[in-house]
Amino acid sequence: MDVVGDAISAVRLGHPSSSRVRAGGRWCTRLDPYDGAGFHVVLRGGCWLLPDGGAPVLLGVGDAVLLPHGTGHVIADSPLDEAVARDRAVPFGQWRGEAGEQPGRDLTEVLCGKYRLDCSRMHPLMSELPEVVRVRSRAGGHHGLRAAIDLLAGELDERRPGSRIALPSLLDLLLVHLIRSWMAEATGGTWPRVLGDPVTAAALWALHANPAAPWSNDRLAAAAGVSRPTLARRFTTLVGRPPMSYLTWWRLVLAATHLRSTSATLATVAARVGYRSPYALSHAFEKEFGITPGRYRVQALERSAGR
């Protein structure tokens, strides 16, 4: 798999949730901070988004916005400061039920939703995303995102066969395209530079394609087509840790993902991520995360049951 896909898969929990809401006149609703990522896509009309501690952001028809760190925010018919928003904003669940499905023609229509994420094991690519990722409809070069939004709108407009499967998949596609759009436009981010460097990108692709392989610095350098010192220098400078250190960390993140999302035995998980024995995995896991694999799995199940 690729780094972006793996970074998302490692933290994703279950399916995203979404709801299409319509509102006219004066309205203002608040979404509290969330252990995951929130998103909005404006299907008709326009609105303003006010993130906690940030400036108001105007969203027009076709615009999409991702709040990758679950930042609390307000969406409203007009720009507001935080004090006014606190007084006027109606909790989203209440607002959706009372005013979010109004009939009529001159309305704003927004697709609102959330991605459930395990934020305790974030890949640095995901951690680096800004509080608000906005992609304007008029911005060029985002044809995939525009197509995903059009498909989403069509799936919402009609109850088609298979929509129960199609809609979550399209929402996942939306997340991928929003992150791609950020990477294409980012001017100072670390990970757009990492994946834009052919040597480091090749090494990361190899590690992510087969993390359980018996990698060494020499073997990885050969896969990237450079000398071992060149790989070590470029990889460490850009990623922030040496290649084998990154591999160890990534294997343990993958182990956490398997423990959280499958019932596989510790021995099976160890083999999948490149450890020779469950003992070796358990020792490395506890050293990295401060918790045993068994306890981590129990806590993950408890969190899932409590949602």
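Modeller: Buried means under 20% relative accessible area, exposed over 50%, and partly exposed in between. Keep that cut-off at hand. This is a predicted model.

Colleague: Which side chain does R44 meet in a salt bridge?

Modeller: E109. The N to O distance is 3.7 Å. The pair links distant parts of the chain.

Colleague: Is E109 buried or exposed?

Modeller: Buried, since its relative accessibility is 9%. E109 also meets R20 in a salt bridge, at 3.2 Å from N to O. R20 lies in strand β1 (residues 17-23) and E109 in strand β9 (residues 108-116), so this pair ties together parts 89 residues apart in sequence. R20 has a relative accessible area of 18%, so R20 is buried too.

Colleague: Which residues do salt bridges with shared partners join into one network?

Modeller: R20, R22, R44 and E109. By the rule used here, the model has 12 salt bridges.

Colleague: Give me another of them. What does D52 pair with?

Modeller: R30. Their closest N and O atoms are 2.9 Å apart. D52 is in the loop between β4 (46-51) and β5 (57-60), while R30 is in strand β2 (residues 28-31). The two are 22 residues apart, and the pair links distant parts of the chain.

Colleague: And how do D52 and R30 count for accessibility?

Modeller: D52 is partly exposed, at 34% relative accessibility. R30 is partly exposed as well, at 24%.

Colleague: Now the nonpolar side. What is the general idea?

Modeller: In soluble globular proteins, nonpolar side chains tend to be buried together. Here, the largest nonpolar core holds 70 residues. L66, Y115, M126, L174, I179, Y246 and F285 touch the most other members.

Colleague: Which helix gives the most to this core?

Modeller: Helix α11 (residues 243-261), with 10 residues.

Colleague: Pick I179. Leaving aside neighbours within four places in sequence, what is I179 in contact with?

Modeller: V4, I8, L66, L125, M126 and L129. Two of those, L66 and M126, are also on the list of residues that touch the most other core members.

Terms used:
Residues numbered from 1 in each chain as written. Predicted model: local features only at pLDDT ≥ 70, side-chain atom pairs only at ≥ 80, totals over all residues. Heavy atoms only, no water. Core = buried A, V, L, I, M, F, W, Y, C linked by side-chain atoms within 4.5 Å. Buried < 20%, exposed > 50% of the residue type's maximum accessible area, 1.4 Å probe, protein only. Helix = DSSP H or I, 4+ residues; strand = E, 2+ residues; numbered from the N terminus. Contact = heavy atoms within 4.5 Å. Salt bridge = Lys/Arg side-chain N within 4 Å of Asp/Glu carboxyl O.
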